[in-house]
Structures are given as structure tokens and as C-alpha cells.
Amino acid sequence: MHERTRAGLSAARARGRMGGRPPLETKDPRVQMTKSLYKDRDHEVKDMCQTLHISRSTLYRYLALPD
């Protein structure tokens, strides 16, 4: 079973298919909103997370993305 799975993944890669979730783009509106709220320094991190309905780790992941 392990060999067949590996062979299937290799065949998919050869056809140009990659597994996993697509990477988040910096132009995503959620990322832009997060960065603008953080730059204002008017809100606490906890409040931003509640407003955007994201976790603290997601907020910092968005902020780490290049501009």
C-alpha cells in the first residue's frame, strides 16, 4: 500500500499536480486588513483577532508575509 501511494503521488507530480493547500497570497483582503489594523496601533491583538475571526497565531502568520 505504501509503494502504491508513493507511486501515485510521484505520477501526480509528474503531471504537474501538487498536493496540499495553496499558499496564501499577500494580496488577499484578509491579510491586507490584518496588516492595516496592526499598523494603526489603535487595537489590541486580542480585539483584532475577535474582529477578524482568526486566531492569534494566524494573525502573526499574516503579518509575517512579505508586503
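Trainee: How many salt bridges does the structure hold?

Mentor: A salt bridge is a side-chain nitrogen of Lys or Arg within 4 Å of a carboxyl oxygen of Asp or Glu. The structure holds 1 salt bridge. Before we go on, note that this is a predicted model, where local features need pLDDT of at least 70, side-chain atom pairs count only at pLDDT 80 or more, and totals for chains, interfaces and linings use all residues. Residues are numbered from 1 along each chain as its sequence is written, and side-chain values use heavy atoms, with hydrogens and water left out.

Trainee: Which side chains meet in the salt bridge?

Mentor: Those of Arg-30 and Asp-28, at 3.1 Å from N to O.

Trainee: Are Arg-30 and Asp-28 buried or exposed?

Mentor: Start with the cut-offs. Buried means under 20% relative accessible area, exposed means over 50%, and partly exposed is in between (1.4 Å probe, protein chains only). Arg-30 has 44% relative accessibility, so it counts as partly exposed. Asp-28 has 17%, so it counts as buried.

Trainee: Which end of H2 does Asp-28 cap?

Mentor: Helices here are DSSP runs (H or I, at least four residues), as are strands (E, at least two), and they are numbered from the N terminus. Asp-28 caps the N-terminal end of H2. One of its side-chain oxygens lies 2.8 Å from the backbone nitrogen of Arg-30.

Trainee: How do I check the span of H2?

Mentor: The expected span is 1.5 Å times one less than the number of residues. Helix H2 (residues 29-40) has 12 residues and should span 16 Å. Its end C-alpha atoms are 17 Å apart, which agrees.

Trainee: Which residues of H2 are buried?

Mentor: First the general idea. An α-helix has 3.6 residues a turn, so residues three or four places apart point the same way. In H2 the buried residues are Val-31, Thr-34, Lys-35 and Leu-37. Down the axis of H2 they fall within an arc of 165 degrees, so they line one face of the helix. That arc is taken from the directions from the helix axis to the C-beta atoms. Pro-29 and Lys-39, on the other side of H2, are exposed.

Trainee: What covers the buried residues of H2?

Mentor: The cover includes helix H3 (45-52) and helix H4 (56-64).

Trainee: Which residues of H3 are buried?

Mentor: Val-45, Met-48 and Cys-49. They cover an arc of only 100 degrees around the axis, which puts them on the same side of H3. On the other side, Gln-50 and Thr-51 are exposed. H2 and H4 are among what covers the buried residues of H3.

Trainee: And which residues of H4 are buried?

Mentor: Thr-58, Leu-59 and Tyr-62. Their arc is only 105 degrees around the axis, which puts them on the same side of H4. Arg-61 and Ala-64 are exposed on the other side. The cover over the buried residues of H4 includes H2 and H3.

Trainee: What joins the side chains of Thr-58 and Ser-55?

Mentor: A polar contact of 3.0 Å. The term means a pair of N or O atoms within 3.5 Å; within protein, one must be able to donate a hydrogen and the other to accept it, and residues adjacent in sequence count only if both atoms are side-chain atoms. Thr-58 counts as buried, at 15% relative accessibility.

Trainee: Which residues make up the largest nonpolar core?

Mentor: In soluble globular proteins, nonpolar side chains tend to be buried together. A nonpolar core is a set of buried Ala, Val, Leu, Ile, Met, Phe, Trp, Tyr and Cys residues joined through side-chain atoms within 4.5 Å. The largest one here has 8 residues: Val-31, Leu-37, Val-45, Met-48, Cys-49, Ile-54, Leu-59 and Tyr-62. H2, H3 and H4 each give two or more residues to this core. H3 gives the most, with 3 residues.

Trainee: Leaving aside neighbours within four places in sequence, what is Met-48 in contact with?

Mentor: Contact means heavy atoms within 4.5 Å. With those neighbours left aside, Met-48 is in contact with Leu-37, Tyr-38, His-43 and Leu-59.

Trainee: Where does Arg-41 lie?

Mentor: In the loop between H2 and H3. Arg-41 has a positive phi of about 60 degrees, although it is not a glycine. It is exposed, with a relative accessible area of 62%.

Trainee: And where does His-53 lie?

Mentor: In the loop between H3 and H4. His-53 is not a glycine, yet its phi is positive, near 60 degrees. His-53 is exposed, at 71% relative accessible area.
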